[in-house]
Amino acid sequence: MADYVLAIDQGTTSSRAMIFDKKGSVVSVGQKEHEQIFPKAGWVEHDPAEIWRNVQEVVGLALAKADITRHDLAAIGITNQRETAVVWDKNTGKPVYNAIVWQDTRTQPIVDRLAADGGVERFKEIVGLPLATYFSGTKIVWILENVDGAREKAEAGDLIFGTTDTWVLWNLTGGIDGGVHATDVTNASRTLFMDLETLSWRDDILETFGVPRSMMPEIRSSSEVYGTAESSSLLRETPVAGILGDQQAATFGQAAYDAGESKNTYGTGNFLIFQTGEEIVRSKNGLLTTLGYKLGDGPAHYALEGSIAVTGSLIQWLRDQLGIISSAPEVEALARTVDDNGGVYFVPAFSGLFAPYWRPDARGAIVGMTRFVNKGHIARAALEATAFQTREVLEAVNADSGVDLTELKVDGGMTANDELMQFQADILGVPVVRPVVAETTALGAAYAAGLAVGFWDNLDDLRANWQEDKRWEPNLDSDERDRQIRLWKKAVTKSMDWVDEDVR
């Protein structure tokens, strides 16, 4: 009998394979970073072929570390960076261009063109999203309009599109030899093309964008058997049975299934998801309406989401671009060399501002600099930026839901940073709670896959697995909290109105 489930977590900076047991505990991990490609300012790309090679490698690593084979696996789940777009030739399996990453802002002229008739909320009532460079729809358009021969091949039915879950699924299940071209509702809801009510592609919106329907994957639930791994794989004949976009997967791994439950993931960016159950709630405060999950033939569950573009990637930027730290964990020790931020506020609007502002004209800004400031203050301000941005998103969630959140469940790599988590509790004024398994993104994908094949019986089994690891209580004086929030909001205004027609 199979004792484990494997999750493939195809993220923004790396790909991981994680093996979980019935209690939801991590048995082994294989992980490998892939190259971040920056051809121009505002452009962010990945090599899809490198991603697929890395996925295969980390699967082998995870199996070897656990000393198991495919026969010990009940199922495979996939989770992924959601809006990153891959377009490839279904006959050769070769991408026609690099994957255009969710952080990429090159498609702003396409957004402006589409928004000229009806504004950025032109399709929001239908798809839950504003027109923005963030989502994959405009990235497909850019490839069709800028890659030689792409439009013709697409019109002929030779090109297909997928977010990275679809790219991994297609390759894992056979590629050009019968690979399954599908995605789940959570990823489909991030394209700008899926109707929230019918859970199907909108032909009229595809036509407006100029994207052939033949390119689009089949929309499936988040928990069902899509196919099996192909014969040459280490995973051959193992069912692929769960797909969730990374933030929905993290919510699933946090056992936050019901309306009113929420989580905040600290990764490359930060993403707060608030479940609204079977009700579609349309935000009036800058949040996105998205799919939470759909289990097999069960009803769709919806959510509100606050998306923050740059949090963990800001620490990576301090390491790779500025060189003031040599590894990400060093940022906490550097921040602790100073008592406070020295009056410095860092607004990391590298890709514009996402929720709750949606300002593509914003760019990164460090304000409040004096001769007193040193690299410790910069490190602290970078960490605090994550907490301040989360505070603003939580304010929007409270306004939309009408119910103030009383505690925040957190997960992701940055939750290992005690300094950040304490400041997060301080600036929110509510407790912050981390589970034993903080990497809940992969766990959520494993859960979705395991449910589909009967490895776990129901959601109550998954709730029973959740355990609290650490809790941070707020201890900042309310007047000081209000002062810092006021200064942060002032700093945010300094990042706006930067991009003109001749500045990208």
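Which residues of α9 are buried?

1. This is a predicted model. The buried residues of α9 are Asp-246, Gln-247, Gln-248, Ala-249, Ala-250, Thr-251, Phe-252 and Gly-253. Helix α9 spans residues 246-253, and eight of its eight residues are buried, so the helix is largely enclosed by the rest of the structure. Ala-255 follows α9. The phi of Ala-255 is positive, near 60°.

2. Next, a helix pair. Two packed helices are described by the angle between their axes and the distance between the axes. Helix α1 covers residues 48-66 and helix α6 covers residues 164-172. Their axes come within 11 Å and cross at roughly 60°. That makes α1 oblique to α6. The crossing of the two is right-handed.

3. Which residues make the contact between α1 and α6? From α1 come Pro-48, Ala-49, Trp-52 and Val-55. From α6 come Trp-167, Val-168, Asn-171 and Leu-172. By class, seven residues of this contact are nonpolar and one is polar. No charged residues take part.

4. Leu-304 lies in β16, which runs over residues 300-308. Is Leu-304 buried or exposed? Its relative accessibility is 1%, so Leu-304 counts as buried; the cut-off for buried is under 20%.

5. Leu-304 also has contacts beyond its sequence neighbours. Leaving out residues up to four places away in sequence, Leu-304 touches Leu-272, Ile-273, Phe-274, Thr-276, Val-281, Ser-283, Leu-287, Leu-288, Thr-289 and Asp-400. Leu-304 and Ser-401 are 97 residues apart in sequence. In space, they are 9.1 Å apart, C-alpha to C-alpha.

Terms used:
Residues numbered from 1 in each chain as written. Predicted model: local features only at pLDDT ≥ 70, side-chain atom pairs only at ≥ 80, totals over all residues. Heavy atoms only, no water. Axes fitted to C-alpha atoms, helices over the stretch in contact; angles between N-to-C directions. Helix = DSSP H or I, 4+ residues; strand = E, 2+ residues; numbered from the N terminus. Parallel < 35°, antiparallel > 145°, perpendicular 65-115°, else oblique. Left-handed = near helix turned anticlockwise from the far one by under 90°. Contact = heavy atoms within 4.5 Å. Nonpolar A, V, L, I, M, F, W, Y, C, P; charged D, E, K, R; others polar. Buried < 20%, exposed > 50% of the residue type's maximum accessible area, 1.4 Å probe, protein only.
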